[in-house]
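Dear colleague,

I am passing on the structure we discussed, and below it you will find notes on what turned up in it. Please read them alongside the coordinates.

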Amino acid sequence: MTSTDSAGLQLVIRNARLSDDGELYHIAVREGTIVGLTTRDEDPGPAQTVLDAQGRWVIPGAIDTHSHINQRAPEFEHVPGLGPEDNFAVESRGALAGGCTTALNYVQFGPPSLLDSYRAGLAAAGAQSMMNVFFHGCLMNMDQVAEIPQAVAEGIRTFKIFMPYRGEEARNLGGIGSLNHAQMRLAFAEIAAHDAHALVHAEDGDIVDHCMHREAVAGLDSLAGWERSRPTIAEGDAAWTAMYLAEEAGCPVSIVHVSSLEAIRARRAVGYPGAGLESCVHYMLLTTDSAIGPEGKVAPPLRDPDLAEAITAAVLAGEIDFFGSDHNVWPSAAKQEWTSAKPGLPGIGLMLPLLLTHLVYERGMSMARAVELTSRNAAVRFGLPGKGRIALGADADLVLLDEGQRKIRAGELHSAVDYSPYEGMTLRAWPYATVCGGTVVYEDGKFPNPDFRGELLNERFRTGAA
Ligand SMILES: [Zn+2]
């Protein structure tokens, strides 16, 4: 292919499998950027670090479009890894060990000001995170909608709107506020006016409230009961509304963590080209039959096995654009009892290995398509053109894969979360090594450059001072 002069190479990865063409390549990196791609018989020259892939697949690092690291519930700050000093430090290691080099992470929900949350998040991630972090903002009330212009000036490109949470449920979640339809309409207009992007948690609050009350009276005691409390029709109703209102405002919108066929049907029916759909591997691999009790509580809920299979089919048919883990760092102590269990699952370090295992190794998806779903599509949609591809000029965020059989053990995931809903499942592919910005940040169970810090990607978009 192409080579460039080798002076000052930061990293060379030798013998990398990049496609199904049977050829192996050498990847040369300088200052975090891919500067050379040569075939096997063309030596890229010396480098500070050389990794021999020995014919392993090398793919772009995953972009997790949905994580909640550093939400920091005060009642768990004494738990190792969940305190304010080490949240990104711990969870970014778990992410990198799982091949995720970039997290699109939500700012903390608690503080009244979006800007205060965002600035604190930037400081924490900048000090602690070994992976790249790109913060999503959140709009929980009209005061936060009024902060959009300044947030955009400081580099926020994406704003999440919640539809389901009302009353007591909102209070129990630390004050997550949902916008009503009139407020959403104004928020979409403001986001569009600033050339930014909306993200919507699409579950209709009226339907959820009603169904939740019914299940609470019946005595919520199973994943099936939790699912009945947030039925698929709530997701469909909200997704239709969100896409319709966003289209009217000319605002790009992504429906996040799609758990049913209803949001997919809504996108087809509305036909808005500015709409994107994110799903999560747990909607394909975990169900209301999974033997995980309240630890499986998540919103939207896990569905029945037939629907989980239908989500897999929809992904294979091209109906989903990108994946997020919806990683939450609740310890098992927060997930003991059905009513009080915090909703949310851990998963940032397993998103890529599980998706590859399920779709590529078991269902015959091409690696190229899996790369689109785990990094490329998100890179294009969210304005990170150097990510999600291996090419000259691209960002050197890379994963070398091992293949075989490996059982998932929570204790091996380098996360502060002390359980995994996937415990005991078998992976067919997982990272041997992970490279972030040209630095080897994970290799064979170890973190060889622990002082490395990932890039705060919002800074690429900053136009004004704090
Ligand atoms: Zn989430």
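Which residue follows H12, and is its phi positive or negative? The residue is Gly 318, and its phi is positive, near 90 degrees.

Before the rest, two remarks on conventions. This is a predicted model, in which local features need pLDDT of at least 70 and side-chain atom pairs count only at pLDDT 80 or more, whereas totals for chains, interfaces and linings use all residues. Residues are numbered from 1 along each chain as its sequence is written, and side-chain values use heavy atoms, with hydrogens and water left out.

Helix H12 covers residues 305-316 (helices are DSSP runs of H or I with at least four residues, strands are runs of E with at least two, and both are numbered from the N terminus).

His 257 lies in strand S11, residues 253-258, and counts as buried at 1% relative accessibility. Leaving aside residues up to four places away in sequence, His 257 touches a number of residues (heavy atoms within 4.5 Å), among them His 66, Lys 160, Glu 235 and Asp 326. The charged end of Lys 160 in turn sits over the ring of Tyr 106, 4.2 Å from its centre (NZ of Lys or CZ of Arg within 6 Å of the ring centre and within 35 degrees of the ring normal).

The structure holds eight aromatic pairs (rings of Phe, Tyr and Trp, the last by its six-membered ring, with centres within 6.5 Å; planes under 30 degrees apart are stacked, over 60 edge-to-face and the rest tilted). For Phe 76 and Trp 330 the centres are 6.2 Å apart and the planes at 65 degrees, so the pair is edge-to-face. This pair ties together parts that are 254 residues apart in sequence, and both Phe 76 and Trp 330 are buried.

Notes:
The expected span of a helix is 1.5 Å times one less than its number of residues. Buried means under 20% relative accessible area, exposed over 50%, partly exposed in between (1.4 Å probe, protein chains only).
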